[in-house]
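Subject: Structure handover and findings

Hello,

Here is the structure I promised to pass on. Please open it beside this email; my notes follow below.

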Amino acid sequence: MPQPPRDRDRSSRDRDPRDRAPRPSRDARPVRPARPSRPDQARRPAAGSGGVPKARAAGAGSRGNSANGSRNGSGGGHPRPPVPRAGARGPAGAATLQLGEPRKRLRFLLIALGTVFALFLGRLVQLQFLDSTALAAEASANRYVTVPLTAQRGAITDGNGNVLATTVTAYDITADPTMLTPQQLHTTDGSRAAAALLAPILGMDQTTLTTLLTAKNPTTDMYRLIAKQQSPQVWTQISNLSNQLANSASSGHCLTENLLAQKAGDSGRVDDACANPLASIFRARDDKRVYPEGDLAANVIGFVNAAGVGSGGLEEQFQSQLRGTDGNEVYAQANGREVPTAEGQHETAAIPGSNIKLTLNSDIQWEAQQQLSAQVAASHALGGYVIVQDVTNGRILAMATAPTFNPNDLAHADPNAIGNTALSDAYEPGSVSKLMTMSAVIQQNVATPQTHVTVPGALPRDGTVFHDDVAHGTEQLTLNGVLAQSSNIGTILAAEHLGSTQAQANQVLYDYLTKFGIGQPSGLNFPGESPGILPPPGQWNASQQYTIPFGQGLSVNALQTTSVYSTIANGGVRVAPTLVEGITGPDGVYTPAPAPATTRVVSTQTARTVAQMLQSVVGSEEGTGTMAQIPGYLVAGKTGTANRATAHGYSGYTASFIGFAPADKPRITVSCVIQGPVGAHYGGELCGPVFKQVMEFSLKTLDVPPTGGAPADLPVNW
């Protein structure tokens, strides 16, 4: 039988794996690797194979013809070996390794890096362009702050070192409302929460505080003054509460909401219970001026205004010495907290003000104020002044006015009581001015205390008729009696002999008045001081040339007339009054005040003679000042009762008494003036008792012993 032809078209899948694979043709397509199958699962049967797996058919079938011929249709050549499939086992039973592709890995890495860089670039664009305004506003919370360091104002003390005015530490409570905005505090209730916490501490209305703490411009409204000159205790309460909130937030136990309910009585809520609204509250050093003795010498010391500037009295006069030199501190802060490690921080220390030591004696000042205030109240007067002066050196030991005020409580002070009326009021002195006329008469050798003067009940001069305060018939008085009984007519008659003509007499009297300090500043340079009014003699009218000798037609302040009596007590030498004993600078060096100017007004003998005449006013039963007598001491003084000049003419009276003691060895001068009393208006009656109490207290305070001298026995009548 003929042999069947060899099947040359046998599929490569039917070949034995050991057969050598034929070289593939150039135009043959590459064979795609078979999809790997799970090793433990049989291959899915090919279509039309009757469910027999191809791998098994290839390995177990006969070498006969295959249902499908070879791919190239050629019966010759070697069949192509089967392409190994992933997971298929080779002849030896080993698994075939599938290698990764490097290009895919590189592509994935480039995509990942590109994504990261794109994120960074997008964030950079957002920060630099899209959110730059908001970020700049937020960064403004971290900035350098310049805080002024207010110089401590110098103290004012009396002559014994007792503090009359000093400065204590105080703080202005301020806020940065921009830190309470929702963008900064992350709550919409920041202003209300801060106000609720602060209101009980500051004693302020919560609604008012809420308004103050609300920013009108969220980016620029960074400063708001909440409360001025609060005590350190108040700031400590605010600081402790703020720290409590901050510490509780850092520990995870937020207390803001609870504290709003407990401390502020606020039942509301905040969006963020961990928010610390008090982080927006700051302090600024603003020391407070205080006056430990209240109204003691308040009209002399003065006061400072809300800006810390002296606005009255010595506070104003010595503002440049008292205020010192302010400094400043520059520091970095972030959200209300100082950054201690930041660069560029520095401090310029403030230089404190100088301390001023006055000549006042607090004890004598207190007694003068008490006695004066009581008499002003008892007589329903408009006011008054008492001045105590050391005759040997011109130092003012007390200068009291009534009414007065408390500089610690300016809000409730009477504006009319704030000034120092003892220096600012210009009034007609009345009979106390007769001392200067008598001194001129005696110094000019016109008369002596024993000179006889016939005093009529009325004196006509240039169309005006002059009278004494008490009507009387013709009296036979000595010159000493004219002064003792305070006769206006007798004084006119004596003054007419100062010159050969009335014009010459006027000029001589004017010269003595000016040497006594009338019509010119006292030398204190005190704010608001009046120099008084003394026109030159050429301007004296027909009435003034006769009224000025007995104290009408000219005006003075209380210190000027006090200085007149101190001049006689000091042997005829006027010592310019002084209020300041010395100044201690910020370096601690004490500088005494310059020695006061002195002026010889009358001779020592004239001063002694006039002093003896003044003893008759107080010591003689016929004198007008008997209520000023002090047991054990010789007192020299003079009463005054003058018509009170106003803007609309004369209305009411000015009552006064001025004197010194001991009369034979003078040490202290005391003057008392009461303006506009109701009812009794005589100087001896109203001011005599005040003089006595103040003088007696002053002599004992200064340990001035009685001299034991006998009173001058000068005749009053002839």
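Which residues in α14 are buried? They are Lys 434, Leu 435, Met 436, Thr 437, Met 438, Ser 439, Ala 440, Val 441 and Ile 442. Buried here means under 20% relative accessible area, exposed means over 50%, and partly exposed lies in between (1.4 Å probe, protein chains only).

Two notes on the basis. This is a predicted model, in which local features need pLDDT of at least 70, side-chain atom pairs count only at pLDDT 80 or more, and totals for chains, interfaces and linings use all residues. Residues are numbered from 1 along each chain as its sequence is written, and side-chain values use heavy atoms, with hydrogens and water left out.

**Helix α14**

Helix α14 spans residues 434-443, and nine of its ten residues are buried, so the helix is largely enclosed by the rest of the structure. Helices (H or I, at least four residues) and strands (E, at least two) are DSSP runs, numbered from the N terminus. The cover over the buried residues of α14 includes α15 (479-484), α16 (488-495), α17 (502-515), α19 (558-569), α20 (604-619) and β24 (636-646). After α14 comes Asn 445, with a positive phi near 60°.

One of the covering helices, α20, holds Ser 616. Ser 616 counts as buried because its relative accessibility is 4%. Contact means heavy atoms within 4.5 Å. Apart from neighbours within four places in sequence, Ser 616 is in contact with Asn 480, Ala 484, Gly 623 and Leu 714.

**A three-stranded sheet**

Next, an open sheet. Three strands make it up, in the order β5-β4-β6, with antiparallel pairing. β5 (224-230) and β6 (281-285) are at the edges with a single partner strand each, so one side of each has no neighbour in the sheet. From one strand to the next, the twist averages 25°. Two strands pair if DSSP finds at least two bridges between them. β4 (residues 171-175) and β5 run antiparallel and are joined by four bridges. Ile 173 stands opposite Ala 227 in β5.

Helix α6 (residues 206-213) packs on this sheet and touches β4, β5 and β6. The direction of α6 makes about 125° with that of β5. For such angles, axes are lines fitted to C-alpha atoms, for helices over the stretch in contact, and the angles run from 0 to 180 degrees between N-to-C directions.

**Ile 201**

Ile 201 sits in helix α5 (residues 190-202). Its relative accessible area is 18%, so Ile 201 is buried. Leaving out neighbours within four places in sequence, Ile 201 is in contact with Val 234, Gln 237, Ile 238 and Leu 241. Ile 201 and Gln 237 are 36 residues apart in sequence, yet 7.2 Å apart in space, C-alpha to C-alpha.

**Salt bridges**

A salt bridge is a side-chain nitrogen of Lys or Arg within 4 Å of a carboxyl oxygen of Asp or Glu. How many are there by this rule? The count is twelve salt bridges.

One of them joins Lys 228 and Asp 286, with the closest N and O atoms 2.9 Å apart. Lys 228 lies in strand β5 and Asp 286 in the loop between β6 and β7 (288-290), so the pair ties together parts that are 58 residues apart in sequence. Lys 228 is partly exposed, at 37% relative accessibility. Asp 286 is buried, at 14%.

Another joins Lys 357 and Glu 581, at 3.4 Å between the closest N and O atoms. Lys 357 is in strand β13 (residues 355-358) and Glu 581 in strand β21 (residues 580-584), so this pair ties together parts that are 224 residues apart in sequence. Lys 357 is partly exposed, at 26% relative accessible area. Glu 581 is buried, at 18%.

Arg 461 and Glu 496 also meet in a salt bridge (2.7 Å, N to O). Arg 461 is in strand β17 (residues 459-461) and Glu 496 in the loop between α16 and α17, 35 residues apart. Arg 461 is partly exposed, with a relative accessible area of 21%.

Best regards
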